[in-house]
Amino acid sequence: MHHKRIVPALVALVAVVATLFSLASCKGGNEYVAPPPPKVKVAPPERRKVTEYLQFTGNTQAVNSVDLRARIEGFLVKQAYTDGAFVKKGQLLFVIQPEPYEAKVLEAKAGLQSQLAGLHQAEIEYVRAKNLLREKAGPDTDVVKWDAQREQYKAGVENAKAQIELAEINLSYTRVTAPFNGRVSRRDVDVGNLVGGGEKTLLATIISYDPMYVYFTMGERDMLRLQASRNEKVAPGSHVNIPLEMGFSGSTDYPYKGAMDYYGLGIDPKTGTILLRGELPNPNGKIAPGLFARVRIPLQEREALLVPDTAVGQDQLGRFVLLLNDKNVVEQRPVTIGFSVNDMLVVEKGLTGNERVIVSDLQRVRAGGKAEPMPDAPKSPQAAPDAAKTPPAGAKK
């Protein structure tokens, strides 16, 4: 009987405790509180003048490149430069054994003297035969004979002069010089080897460095845009110097300035492009041939609206920016993006210039939600230069 009275009492106690806990929960501080709107940085689109460019990729190439070959046969007796050195026009590079060709020059000169002597003798005999014929003391056949001899020696003199000239040309080929200012490759033949025997042996290669060419291709559409920007004065075959800038793959800058000086003959129907060439000054030799190059050509300067590239998002419908309206509600605005200027993007359509564009913390906001614009950082007042050193009036030193 005692046990049956205890159980109902415990049940009643549990019910009272549950009721008290429920009341305490309702009156306590565990109610849900919405988080404050995220703070974001906003800025109006930047309005300024920008230059639109056509951009291409290409390769640099030397203006002049020449293979230095042995034009006569002989032993290579001297290399007069250091492999890879920069040389001046006319500088001696190689010497091929000159003695046999010096002897050929002397031989040709001796042949000229022989022909001149024979011509002199034929002239004397011709004059004598004519005098004898006039006095009827000699036959006319002698006049004919010495006249023929005289003409033969005249031809011999001209041939001897040609032989001298040819011998001197061959002698000049024993000295291989630089045809222009440039840089010479390593030697392809060591000193002591026989060169020019049966073929014009390659000795080395020289290329020029200043100026330097850059070759690139342009599509039909870009060519029409370029023509429109130059008032139709640019066309294949016309020699209009169009400014261009060039940079390399390791940088976003375009430090090298030059001009486009060559158009191809026309659009290649297979590729739909035309070959173009630019010429750039290279006094310091920093542009080497064969480098991958980025090329841009200015089209026109105009006023445009720009936003940071980090403020532009993209979804299935295209590019957009997030704006903060006058009620601090986030709006998504579709935009049309043009070209880039450093870390900014040109907005062609979608903005008027008076909007507050969200430029930070885009991942923390959503369209339709609220956000709080972050105030500009206040400028801390600068203390007077000697404020810490100057004691207040009346202070003890």
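Helices (H or I, at least four residues) and strands (E, at least two) are DSSP runs, numbered from the N terminus. The expected span of a helix is 1.5 Å times one less than its number of residues. We're on a predicted model: local features need pLDDT of at least 70, side-chain atom pairs count only at pLDDT 80 or more, and totals for chains, interfaces and linings use all residues. Residues are numbered from 1 along each chain as its sequence is written, and side-chain values use heavy atoms, with hydrogens and water left out.

**Exercise 1.** Compare the span of helix α2 with the expected one.

- Step 1: α2 covers residues 99-134, which is 36 residues.
- Step 2: From first C-alpha to last, α2 reaches 53 Å, close to the expected 52 Å.

**Exercise 2.** Find what the buried side of α2 packs against.

- Step 1: Pick out buried residues (under 20% relative accessible area, 1.4 Å probe, protein chains only); among them are Tyr101, Leu112, Gly118 and Glu125.
- Step 2: Look for contacts (heavy atoms within 4.5 Å); the buried residues of α2 pack against α3 (140-172).

**Exercise 3.** Describe the surroundings of Thr174.

- Step 1: Thr174 sits in the loop between α3 and β8 (175-177), and counts as buried because its relative accessibility is 2%.
- Step 2: A polar atom of the Thr174 side chain lies 2.5 Å from the backbone oxygen of Leu171.
- Step 3: Leaving out residues up to four places away in sequence, Thr174 touches Ile72, Phe94, Val95, Ile96, Gln97, Pro98 and Tyr101.

Terms used. Buried < 20%, exposed > 50% of the residue type's maximum accessible area, 1.4 Å probe, protein only. Polar contact = N/O pair within 3.5 Å; in protein donor to acceptor, adjacent residues only side chain to side chain.
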